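Please examine the sequence and the three-dimensional structure shown below. The paragraphs that follow lead through them step by step.

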Amino acid sequence: MIRDSYEKLKQEIGDQAKLIAVTKYHSAEDALAAYDAGVRHFGENRIEGFLEKREALPEDAEVHFIGTLQSRKVKDIIDHLNYVHSLDRMSVAKKIEQYSSHTVKCFIQVNVSGESSKHGLSPEEVPGFLDDMRAYSRIRIIGLMTMAPHTEDEAEIAWVFEQLRILKDSLKEKNSGNIQVEELSMGMSNDYHVALRHGATYVRIGSKLMGSR
Ligand SMILES: *Cc1c(COP(=O)(O)O)cnc(C)c1O
């Protein structure tokens, strides 16, 4: 039951982080059940079915886009999004600036492990990208996001999360205006424990909360 898993997760996470329920494999009905259990943050990674779910949820549900956003799709959904976790391209930033009628809270996605299959900027590219974002009035950079590598090796996962934390701390002097790198979006069903130990402030949880598809 969603209610039971939510209560359990809430206990574990405490005040440190916000829990984002990732509903990508679930129906609007399931998302509503999560809302009724108390969930207020919802994560989606695909455009298909997104608007239907957004409409099913009450106004005060906050919606996070956690997947790769294609620039040509931005205009279709941006006004229904509160957060974007995957910003890593100028082309997407430009479309947000052009089409959003509100300020979108964004995380810069960072590819810490350097795996070629992963999206995101390399850590070295982040400072320059942040400076580029200063001109974008519809974008507020609130933090960094990463995905851990697919591995059973907890030390490797911990290393990736720690690198993101170190990167965030190293960017402190950049914080002014619309650049406020304070948050860390990291940790999913299998590794949120590790992410919390390394300073996660948003965890994105699908199967462990919603059930496997
Ligand atoms: C699917 C997904 C999640 C949640 O995955 P689970 O393992 O089901 O918790 C988190 N973040 C992103 C970017 C995802 O695509």
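At 25% relative accessibility, K24 counts as partly exposed, because that class lies between buried (under 20% relative accessible area) and exposed (over 50%), with a 1.4 Å probe and protein chains only. The model is a predicted one, in which local features need pLDDT of at least 70 and side-chain atom pairs count only at pLDDT 80 or more, while totals for chains, interfaces and linings use all residues. Residues are numbered from 1 along each chain as its sequence is written, and side-chain values use heavy atoms, with hydrogens and water left out.

K24 lies in the loop between β1 and α2; here helices (H or I, at least four residues) and strands (E, at least two) are DSSP runs, numbered from the N terminus. Leaving aside neighbours within four places in sequence, K24 is in contact (heavy atoms within 4.5 Å) with G43, E44, N45, R46 and K53. An unreviewed UniProt entry annotates K24 as the modified residue "N6-(pyridoxal phosphate)lysine". UniProt positions are given in the numbering used here, feature names are shortened, and annotations may be inferred rather than shown by experiment. The unreviewed entry also carries the annotation "domain: Alanine racemase N-terminal" for residues 2-212. Over residues 2-212 the chain is 37% helix and 20% strand, and the end C-alpha atoms are 11 Å apart.

Strand β1 (residues 18-22) has four of its five residues buried, so it is largely enclosed by the rest of the structure. Two strands pair if DSSP finds at least two bridges between them. β1 pairs in the parallel sense with strand β8 (residues 202-205) over four bridges, and L19 stands opposite V203 in β8. Strand β2 (residues 41-44) runs parallel to β1 and is joined to it by two bridges; F42 in β2 is the bridge partner of A21. From β1 the chain crosses through helix α2 (residues 28-37) to β2, and this β-α-β crossover is right-handed: with the strands pointing away from the viewer, the path from the first strand over the helix to the second runs clockwise.

In α2, the buried residues are A28, A31, A34, Y35 and A37. They pack against α1 (2-13), β2, α3 (50-56) and α9 (207-210). G38 follows α2 and has a positive phi, near 120°.

Another helix to consider is α6 (residues 126-133), whose buried residues are V126, F129, L130 and M133. These residues cover an arc of only 105° around the axis, which puts them on the same side of α6; the arc is that of the directions from the helix axis to the C-beta atoms. Their packing partners are β4 (83-87), α5 (90-99), β5 (104-109), β6 (139-145), α7 (154-170) and β7 (179-185).

β6 and β7 run parallel and are joined by four bridges, with I141 opposite I179 in β7. The chain crosses from β6 through α7 to β7 in a right-handed β-α-β crossover.

In soluble globular proteins, nonpolar side chains tend to be buried together. A nonpolar core is a set of buried Ala, Val, Leu, Ile, Met, Phe, Trp, Tyr and Cys residues joined through side-chain atoms within 4.5 Å. The largest such core has 63 residues, and those with the most contacts inside it are I141, L144 and L209. α7 gives the most to this core, with six residues. A second, separate core of six residues includes I20, Y83, I142 and Y202.
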